[in-house]
Amino acid sequence: MRQAEGSTRQFTQAQVSFSYGPADWFPDDHPPMPATVSHGKPGVARACGLCHLPNGRGRPENAPVQGLPYEYIVQQLHDFQQGLRRSADPRKANTLEMENISKTLTEDEIKEAARYFSAIKVPQYIRVVETETVPKMRIQGEIYFPSGDAGIEPIGVRIIETPEDVAQTQLRNPRSGFIAYAPIGSIKRGEALATTGGSGKTTPCGVCHGADLKGLGTIPNLAGRSPSYLARQMYDLKLGTRRGPMSALMKPVVANLTDGDIVDLIAYISSRQP
């Protein structure tokens with residue numbers, strides 16, 4: 001039996017990773033889960049709570065869906081159903097998994113899941129650390145884990161998102177956060193780009209997402225979210241693999257951004273208070 005830090009509950013590792021009823025370490029941290037979230041459709045569609053965690057916070061390899069606008073979640077599931085939201089990286093298998101799962105959902109199930117996740121407040125779970133070097137990493141399950149005694153390497157033009165506590169992440173503990181290593185000066189450069197648009201290079205983020213980046217109406221809140229997820233979406237939008245109705249608004253915003261610009265922007269955005 002395993003026990004996540006801070007929880008009074010115990011599960012085996014198999015129960016933690018069970019596709020049709022994964023462990024819920026902190027049932028008091030969220031409203032009662034709809035069946036689609038807690039158990040999915042056995043043999044057909046995995047539970048939302050497996051990948052996105054019962055509170056919707058997710059992990060670096062997938063989306064943090066908690067606290068997103070209800071209408072936005074509904075639209076994204078419709079986009080997945082229609083094949084309008086795919087990854088620009090052919091290795092990103094779980095994006096196709098989302099397309100397949102969404103096609104099994106009824107309209108009522110989509111709305112029920114959207115109401116559930118949109119009602120949960122986003123916690124502060126990302127700690128952005130500017131640095132010149134990072135521990136060498138290994139990739140497991142699309143997450144960067146430190147390679148132990150393998151040494152360090154220059155960060156380059158990258159953000160590396162890695163668990164604060166490897167064991168707790170492997171237990172899918174939704175209270176255990178992540179460190180985002182970012183290049184020196186990236187937060188300040190990102191703030192300038194996000195707030196001014198960089199002399200016409202892009203549109204200031206606050207125009208649509210709000211001055212504090214906490215969203216406006218159906219436009220999603222960005223502050224404090226996973227940098228891995230944010231970067232993937234910017235590339236998907238730039239390369240045209242996200243083609244839903246709202247994606248057209250973002251296409252010109254990201255068109256002229258360099259890799260360095262994207263690193264700086266997400267370092268700033270992820271450092272903000274949710």
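At least two residues of the lining of the largest pocket are supplied by each of β4 (143-146), β6 (160-163), α10 (227-239) and α12 (259-271). Helices (H or I, at least four residues) and strands (E, at least two) are DSSP runs, numbered from the N terminus. The model is predicted, and local features need pLDDT of at least 70, side-chain atom pairs count only at pLDDT 80 or more, and totals for chains, interfaces and linings use all residues. Residues are numbered from 1 along each chain as its sequence is written, and side-chain values use heavy atoms, with hydrogens and water left out.

The largest pocket holds about 850 Å³ of space. A pocket is an open set of points on a 1 Å grid over the protein atoms alone, with protein on both sides within 12 Å along at least five of seven lines; a cavity is a set where a 1.4 Å probe fits but cannot get out, and lining residues have an atom within 4 Å of a point. Volume is the space filled by probe spheres set on the points, which are joined across faces, edges and corners. Of the 26 residues that line the largest pocket, Asp89, Tyr144, Ser228, Ala231 and Arg232 lie nearest its centre. Helix α10 provides the largest share of this lining, six residues. By class, the lining has 14 nonpolar, two polar and 10 charged residues (nonpolar: Ala, Val, Leu, Ile, Met, Phe, Trp, Tyr, Cys and Pro; charged: Asp, Glu, Lys and Arg; polar: the others, Gly among them).

The second largest pocket has a volume of about 580 Å³. Its lining comprises 30 residues, and those nearest the centre are His209, Pro220, Leu222, Leu237 and Met250. Two or more lining residues come from each of α8 (186-196), α9 (206-209), α10, α11 (247-254) and α12. Helix α10 gives the most to this lining, with five residues. The lining of the second largest pocket divides into 22 nonpolar, six polar and two charged residues.

Three cavities of 30 Å³ or more are counted. The classes in the lining of the largest cavity are 16 nonpolar, seven polar and seven charged. The second largest cavity has a volume of about 60 Å³. Its lining consists of Ala23, Asp24, Trp25, Phe26, Asp29, His30, Pro54, Asn55, Arg172 and Pro174, of which five are nonpolar, two polar and three charged.

In helix α5 (residues 93-102), Thr95, Glu99, Ile101 and Ser102 are buried (under 20% relative accessible area, with a 1.4 Å probe and protein chains only). Seen down the axis of α5, these residues fall within an arc of 165°, so they line one face of the helix; the arc is that of the directions from the helix axis to the C-beta atoms. The buried residues of α5 pack against α4 (70-81).

Ser226 is placed in the loop between α9 and α10. It counts as buried because its relative accessibility is 1%. A polar atom of the Ser226 side chain lies 3.3 Å from the backbone nitrogen of Tyr229. Apart from neighbours within four places in sequence, Ser226 is in contact with Pro60, Pro64, Tyr125, Ile126, Glu161 and Ser270 (heavy atoms within 4.5 Å).

Technical notes. Buried means under 20% relative accessible area, exposed over 50%, partly exposed in between (1.4 Å probe, protein chains only). A polar contact is a pair of N or O atoms within 3.5 Å; within protein, one must be able to donate a hydrogen and the other to accept it, and residues adjacent in sequence count only if both atoms are side-chain atoms.
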